[in-house]
Structure formats: structure tokens, C-alpha cells
Amino acid sequence: MTAEALPDRRIERRLQPAAARAMAAGDCALIASSWKNWADAESTARWDMLALHAATPNPFFESWYLLPALRRFDPKGEVEILRLEHGGELVALMPLARRWRYTRWPLPHLAAWMHPNCFLGAPLVAPGHERAFWRAFLDWADAHGGPALFAHIAQLPLGGALADSLFALGNEQGRTVALVHREERALLQSALSPQDYLQQAVNGKKRKEYRRQHARLSEQGTLRVERHADCTGLAVWIDHFLALEKAGWKGEAGSAMACADETELLFRDALLAAGKRNRLERLSLTLDGRPIAMLATFVAGVGAFSYKTAFDERFARFSPGVLLQLENLDLLNRNGLDWCDSCAAADHPMIDSLWTERRAIGRVSIAIGGAARRGAFERLVGLELARNPTGIAAPAT
């Protein structure tokens, strides 16, 4: 049943455009509202507290990163924030978009909202509330799906309580939950020291080559490594990074952050906000005081996320990006940090050769609505899985 608004979404949009909608079950309620109604100081304080203790850390769905992204990419406020309240406590949150296309096909669906510079789609969920969140979300999607044929969660980490509870709930409800794509990306997670890790991960010939490149690069001038975990010189650092990235192949391809006002402003806002919260790790390799390789890493709970990296391609023969990543192995010594997600594409030629662990990430499509809608979804997902043999469906029972 609906708790805060009229059940007909069209009437609600016309008469109460700013109203929240809720699905209640026991003392849990899933509430949906435009993100613009969830951006005030009190709301973001509750949001930040949830993020601090989320079972699956995801900085890209935290307030300090998600709100600047929404301001840049969704100025009309069409994206909704779904939040699960349990006994007056915020226990889950996910941004939701109503999409009209799925890949290249005109297939309307509900999707966890993401953008090209968002590298994880895991909802923020308090430990122990994973199943309650998915149950509330699916009940809500059944009732408020509108023209959507299914729900879709991209870049969902696999193998943990968050994904496992979704698949288990699908089996319990006789609802198809299909893993339509799976990939693995580089992860740094080890109890070894940086030196021992490098020796295990990289063969002796390659380590010798790295030492040679470092020596030859040192002959070009004064080579230094600079590491910051605070806001010292942050604004200037951001300027240098944006210029360095745009001067390389990303600038030529139009994908550098500084190639568009929206992405440049997102980068500036996000790094400044992360720095103020002590959630930003910056690493630079400088030659005569000029940065030739730079890396920005977000810290979230016991995890870290390599957000953006850039290097001066004029020094490519010395592999400055690789030399910087060798310095980045010092993350293994950082207290309270258990792992670092590379946020890189699968089979990345550089980081995959240095980091030996892998994180499984998937795209998941979920049946919603009544029998006719689910029947159409079954046919669609069957076609998709036929083209993608790595996909796995949890069939309706």
C-alpha cells in the first residue's frame, strides 16, 4: 500500500510533483522522492552516517559525490532517491532513474542511476538489511514501475551479502533475477608488505626493467613522490591533474574530465568534498617540481577506489604511470584499509599486470510487475543470455 501519496503516479506527478511515495512493510518503509528533496543538510547528514557504515562501501553513491553529479547531469531533478527507513533509521539508499533505452534497444526499465564517471552501482545498505532493502525495492518496483519492463542494476559487486541476498530473494519469490554480464577487474588485497607483494606479482625481469626506467627518469631531473591525505595544495593539484589528463590521449578522444564543463566541475567538487572529509588520497610523481604522473583515490570504509589517473605522455618511455602505481602499493601498509578497487576495465593491460587479485562485477536484470510484464521480460532476458554465455539466470520457480 502507499503511505505518503496517491497510488496513481500520473495523478501524483500532476498534483504533488514534490511529494514522496512510500511502500511500507511492518516497521520498514521505502520512500521515493526527487533527489532535490533529499539534498538539505539534515538529509545529507543521515545519508553520510549510512555511508559510513554501509556493508558494501560505494563512494560514488555517497552524498559528497552523488549530489554534485546529479546537479551537473540531472538539473531537472528527474532522478529519484529511494531510501529505506527502519524504525525511523535510514538503512538503505539508492538513486533510481527511469530509462527508455537498454543498450541500443528501446526498452523502458528502472535502473540504479549511474553516469560514465561512476564506477560502482552498489546501493548503500546497512549491514543486515540487504534482504529487507531488496524486498522493499522489488515491492515498490512492482507497484510503481510505470511502463518499465524490468529493473536493472549495473556494476553490482558479486559474491557478497548484497548480491547474494538479491539472488536468494528472487528464488524465494519465484522472480527471475538474471546476471546478464559478469567481468572481473583488478583489486589490491593482501597481507603482504609492498615489497613482498611486488616480488610475488611481477617477475624478476620486469622488476629489473622498472628499476631501469626509474633510474633513467631520475637522470632527467629531480624525481620525487608526493603523497597527500589532506587538503594541502588541493586546488592547485586539481588544476595540474586536469591539464595533464587533457594533454594526453583522453583529451584527444574528448573523454578527459576537462573536455566538458559538467565533468570538470564534478571532478573539482568531488575532490574538494572528499578532501574535506579526509576521504581522498593523492599521489604524484614530479620531475623538477612538475607532475608527470598523478593518481586520485577515494577512501570508503575499509576500502579504497582508484578514481582517476593521468601521466605526461612525453615521458611514456619511462612508464611514469607504472612507476606511480609501484609507489601506490604503500596502500598495503595503511592502517584500517583492507583493499583497493582499481575501477579499471576488465583485462586492463597495466593494472592487471601489477595487482593480482580480482573483483567480480555484474549487471543484473530483475523481473517486476505482473504476469504479462514478467513474461515479456523472460523472453527478452532469454535472448540476451543466448548472446552472452557468461550470463546466469536465477529462473522463476
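Which residues of helix 10 are buried?

1. In this predicted model, the buried residues of helix 10 are Thr263, Leu266, Phe267, Ala270, Leu271, Ala273, Ala274 and Gly275. An α-helix has 3.6 residues a turn, so residues three or four places apart point the same way. The cover over the buried residues of helix 10 includes helix 3 (63–73) and helix 8 (234–246), together with strand 10 (280–287), strand 11 (290–300) and strand 12 (303–311).

2. After helix 10 comes Asn278, whose phi is positive, near 60 degrees.

3. The largest nonpolar core has 89 residues, and those that touch the most other members are Phe60, Met94, Phe133, Phe137, Leu271, Phe298 and Tyr307; Leu271 is also among the buried residues of helix 10. Leaving aside residues up to four places away in sequence, Met94 touches Phe61, Glu80, Ile81, Leu82, Ala112, Pro123, Phe133, Phe137 and Ile153.

4. On the cysteines, the structure holds 0 disulfides. Cys340 is in no disulfide, and the nearest cysteine sulfur, which belongs to Cys343, lies 7.4 Å away, whereas a disulfide needs the two sulfur atoms within 2.5 Å. Cys340 counts as buried because its relative accessibility is 1%, while Cys259, with a relative accessible area of 31%, is partly exposed.

Notes: Residues numbered from 1 in each chain as written. Predicted model: local features only at pLDDT ≥ 70, side-chain atom pairs only at ≥ 80, totals over all residues. Heavy atoms only, no water. Buried < 20%, exposed > 50% of the residue type's maximum accessible area, 1.4 Å probe, protein only. Helix = DSSP H or I, 4+ residues; strand = E, 2+ residues; numbered from the N terminus. Contact = heavy atoms within 4.5 Å. Core = buried A, V, L, I, M, F, W, Y, C linked by side-chain atoms within 4.5 Å.
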